[in-house]
Amino acid sequence: MTLLRHTPKDITERSALTINPAKTCQPIGAMYAALGVRGCLPHSHGSQGCCAYHRSTLTRHYKDPISAGTSSFTEGASVFGGQANLLQAIQNIFTIYEPDVIAVHTTCLSETIGDDLNQIADKAQQEGKVPEGKYVIHASTPSYVGSHVTGFSNMCTGIAKGFGRKDTPKTGKINILPGWVEPSDMEEIKRLTSMMDLKYILFPDTSGVVNAPLLGEYHMFPDAGAKIEDLKEIGGSKGTVALGETASGPTARYMDTEFKVPCTVLPLPIGLRATDRFIDTLRKVGGRNVPAVIDNERGLVVDFMSDMHQYFHGKKVALWGDPDQLVSLVEFLRDLDMLPVHIVTGTPGKTFEKRIAAIMEETKMPVPYKLKVGGDMFLMHQWIKNEPVDLLIGNTYGKYIARDENIPFVRHGFPILDRQGHQYFPTVGYKGALRLMEMILNVFLDKADRESPEAKLELVY
Ligand code: SF4
């Protein structure tokens, strides 16, 4: 904390130095996506250190054990390539741990060497190292490009490539790509889709895997996640609804091109209007009416918004994180008449700036805002020092700024290392919108209760 007090207010142009990045590395996303396939063990093709870091980051976020294999590169593999290590690993893992699927992702090291996962996976198959009815899928995830979101997206495409087929008979189901959201969010997306009376295949699906209930018995592969028999049918679905342009867009377009399953790519259903879009798309793609119970859930959000509008109106917000979350959060904040004035994502990408600009224009943002793609937390802190805000929204790394500047802080995004709740309670859908508003309102009112003079302490807000 003390260190951050030395963050200077004067901003110097930096082009080759990142300080406190607002992203992490690709394989973490690939590992998280792979955990959303039932019976799947993620496998890190690189050194043990990478795998330990990725597993521990996921474990710290979910407070659940995260299993993954590693090719355990040493000097030899680093010079001559990791093919022998991976072939041995595939054989050992299927023999000892008996997963149904091994999902291999690369690391900086194996990418730099140039290991060809297609070729190694084929060789494993030819040499009989993949037992009958078992699968090896893979994704290339070099961490010196993109971010954890890119890695998630690449593994989603790896899942589609690994299981989808062109000539699948039509099933009438809908593919749903949830994007990088919490397991609680995936559960909520499934609940809403079921309420629309639709048959769907949601993948990846980490609900019940990384937030498994404690029932007294450990299962390395919980009875949860997208089923292989369903994944084999994705090519026969009548449409794909992809949530989040960055995390889900590429996979949806791959399935559109390869399997001729038409796709609709939407922002993550965070907030009122984004959830409306999701429900409306399900209605159109699935050919169903929206049931009254969903209308009622929506009505509660509108009720909350109008009851508490005076506390949201005009408040300045700084937010950072992944592009898909930020796009929907910014729209929701604007719908609450709040002012998202500082926005940073660490994930590179060409469309983010335009998507935010479109929301700001549509909602007639009354004050200027700053936005940085590939930015970092140091810059965010400098912006805040120059233009203070009323609220921070982002991952755990914002707690230093929150403490130093005494700003209310709502944790949202990845990773959240110092609070609980994200695994269990959604922020997507109408229920998620209620929860987000509750979290924002509570940090405002807690600050008011803490700091208001005794004579002005309010009992009723
Ligand atoms: S950045 Fe590269 S070397 Fe570092 S942990 Fe991630 S994959 Fe491994």
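These notebook entries record what I looked up in a predicted model.

**Entry 1. Ground rules.** I number residues from 1 along each chain as its sequence is written. In this predicted model, local features need pLDDT of at least 70, side-chain atom pairs count only at pLDDT 80 or more, and totals for chains, interfaces and linings use all residues.

**Entry 2. Ligand.** Which residues surround the ligand? I found C25, P27, G46, C50, Y53, T107, C108 and S143 around the ligand; a residue is near a molecule or strand if its C-beta atom, placed from the backbone, lies within 6 Å of it. By class, this shell holds five nonpolar, three polar and no charged residues. Here Ala, Val, Leu, Ile, Met, Phe, Trp, Tyr, Cys and Pro count as nonpolar, Asp, Glu, Lys and Arg as charged, and the others, Gly among them, as polar.

**Entry 3. Sheet.** I then turned to the strands (DSSP runs of E, at least two residues; helices are runs of H or I, at least four, and both are numbered from the N terminus). Four strands form an open sheet in the order β2-β1-β3-β4, with parallel pairing; two strands pair if DSSP finds at least two bridges between them. β2 (69-70) and β4 (135-139) each have a single partner strand, so one side of each lacks a neighbour in the sheet. Strand β1 (residues 40-45) pairs with β2 in the parallel sense over two bridges, and H43 stands opposite G69 in β2. Helix α6 (residues 117-126) packs on the sheet and touches β3 (101-106) and β4; contact requires C-beta atoms, placed from the backbone, within 7 Å. The direction of α6 makes about 175° with that of β4. Axes are lines fitted to C-alpha atoms, for helices over the stretch in contact, and angles run from 0 to 180 degrees between N-to-C directions.

**Entry 4. Helices α7 and α10.** At what angle do the axes of α7 and α10 cross? The axes of α7 (residues 148-163) and α10 (residues 245-259) come within 8 Å and cross at roughly 25°. The two helices are therefore roughly parallel to each other (angles under 35 degrees; over 145 is roughly antiparallel, 65 to 115 roughly perpendicular, the rest oblique). I noted among the contact residues F152 and C156 of α7 and Y254 and M255 of α10. This contact has eight nonpolar, five polar and no charged residues.

**Entry 5. Helices α12 and α18.** The axes of α12 (residues 292-307) and α18 (residues 429-451) come within 8 Å and cross at roughly 20°. Their contact includes E297 and R298 of α12 and K431 of α18. I recorded seven nonpolar, no polar and three charged residues there.

Notes:
Two residues are in contact if their C-beta atoms, placed from the backbone, lie within 7 Å.
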